[in-house]
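Welcome, and thanks for taking a look at this one.

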Amino acid sequence: MNQHTVAGVEVSGDHWIGGRRVASAEQFDDVSPIDETVVARIARGGVEEAHAAIAAAKAAFPGWAATPPAERARLLHRIADLVEQRVEQLAIVETTDNGALLRSHLRGVMPRVAHNFRFFADYLVHDLHHPEFDTRGHRNQVSWNPSGVAVLITPWNAPLMLATWKVAPALAAGCTVVLKPAEWSPLTASLLADITVEAGLPDGVFNVVQGFGEDVGDALTGHPDVSRISFTGSVPTARLIARSAAANLTPCSFELGGKSPFVVFDDADLDEAVAHAVEQYDNAGQVCLAGVRLLVQDGVHDEFVARFVERASSLRQGDPRDLATDIGPNVSREHLERIDGFVQRAIADGARVVIGGGPHTELGGLYYRPTLFADAAPGSEILTEEVFGPVLTIQRFATEDEAVTMANGTEFGLAGVLFTGDPDRAERVGAQLVAGTLWVNCFFVRDLRAPFGGARHSGVGREGGTWSFDFYCDVKNTCTNQQRWTIQP
Ligand code: NAD
């Protein structure tokens, strides 16, 4: 039994396959970013465990697919109940594992995990309509049929929330699941497995394979028994998965990186704009959607910078378990060095440090100072590549056209943030921005009915509501000639 006590909570470090814990010959250290101590030893899965999980999910599929929607929904609500009962445990384990703020986990993230299950349970029962329409006496009937085994691969920056955006719709749709959490944050996926047992999910419907992408990736994504692959992570990994999935033409959904613009016009409410701009440092900048390129119109540029610097300087950086902390550590030493590499190259390229510019020397560990760059050269790395750390840039613009050109000037298209007091301008400029999600005079408001995903290299497909459902299903249209019945219905 590979059992650990993490922040007072019992967590298994083993896989969860076919309704039982499965060990691996090899294990790896799970290191907390808070103080770089080892908090658990995690089974390092390989091809054998990946194939066993797919086999278990395949065996469980006919039974789960045939389970009436109302019963599937009841079980998902039961999972949500248990998540709600364990918000505090899940929150402290996630914070210990990935260093994100306990405050956010308690108030927003973990309740949202429960909501993910409730939303798709209700969607399945109340919102999924089966349209029928007539074509010259032929009845068209659309049905959503579960596609089979879904492989779900997730990152470390919001581990359980991002996993359950996928697990909940896949299970609701009638698919069985193999979840591969990120190696840097494996713990809450393991706790979710415990919750599914307690909720009464049949064995094999939900499986967890722990380990490294390079060990299990191909075994999971190139397997002929996998019907869907949903991945959230980086662009290079998505390319590898797409190649592997091509062997069986397995449909993929990709939620990838971003370098989103945060555009502020002269006519914006500057207090609001500055407050939201500083929020782009949330989760130590490890948010795919963050508007990390601040583009500010000439008339308010200097005032914006002064207010931004004042506000950003008052952010409290430190232990993410302290509820007063605003910015915690970055996820790992390797990632911190990657962030610092971007910063040092930007400085060498001639960008000017307005605030920050290096690790937090007093706190030490994995804490990086919130950083803002100005005067970066157009097209330079710091303006075009995703850093995924607390590093923003600021640029000024004069006209709407200039703002649009700058905003669209990367290979990404995940999100955009726009601050203006003029609704016509919002419509005009917003229509030209390349983004899967555009926030106007707000940030991070998210409704599960809305599509979520990215344009260009930020993704393939969309998640949320009907988009998730369609992805996990084989949608079928049955066209019946109503005049050819020999036995009257
Ligand atoms: P990553 O691509 O390194 O890893 C993500 C997952 O893929 C991990 O579970 C990893 O083990 C797995 N993986 C690695 N190699 C694999 C392979 N060959 N085959 C299959 N799986 C493999 O990404 P990361 O560093 O964990 O996450 C950060 C990235 O995720 C950033 O680019 C960020 O923008 C992106 N992200 C996107 C969203 C979104 O919704 N668009 C949300 C969060 C994070």
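Phenylalanine 262 stands opposite leucine 294, which lies in β15. That pair belongs to a predicted model, in which local features need pLDDT of at least 70, side-chain atom pairs count only at pLDDT 80 or more, and totals for chains, interfaces and linings use all residues. Residues are numbered from 1 along each chain as its sequence is written, and side-chain values use heavy atoms, with hydrogens and water left out.

**The seven-stranded sheet**

- Strand β14 (residues 261–264) and strand β15 (residues 293–297) pair in parallel over four bridges; strands and helices here are DSSP runs numbered from the N terminus (E, at least two residues, for strands; H or I, at least four, for helices).
- Both strands sit in an open, mixed sheet with the order β16-β17-β18-β15-β14-β19-β20, where two strands count as paired if DSSP finds at least two bridges between them.
- At the edges are β16 (352–355) and β20 (437–440), each pairing on one side only.
- From one strand to the next, the twist averages 25°.
- Helix α10 (residues 298–313) packs on this sheet, touching β14, β15, β16, β17 (371–374) and β18 (391–397), and its direction makes about 135° with that of β15. Angles run from 0 to 180 degrees between N-to-C directions, with axes fitted as lines to C-alpha atoms, for helices over the stretch in contact.
- Helix α13 (residues 400–407) also packs on the sheet, touching β14, β15 and β18, with its direction at about 150° to that of β18.

**The three-stranded sheet**

- A further open sheet has the order β7-β8-β22 with antiparallel pairing.
- Four bridges join β7 to the antiparallel strand β8 (residues 138–146), and glutamate 132 has glutamine 141 of β8 as its bridge partner.
- Helix α15 (residues 465–472) lies across β8 and β22, running at about 80° to β22.

**A helix pair**

- The axes of α4 (residues 102–127) and α5 (residues 159–173) come within 9 Å and cross at roughly 15°.
- The two helices are therefore roughly parallel, a label for angles under 35 degrees.
- Residues in contact (heavy atoms within 4.5 Å) include Phe117 and Phe120 of α4 and Trp165 of α5.

**Domains**

- The protein divides into domain 1 (3–256 + 458–477) and domain 2 (261–440), with bounds from an automatic or database domain assignment.
- Their centres, taken over C-alpha atoms, are 31 Å apart.
- Domain 1 gives 19 residues to the contact and domain 2 gives 28 residues.

Technical notes. Parallel < 35°, antiparallel > 145°, perpendicular 65-115°, else oblique.
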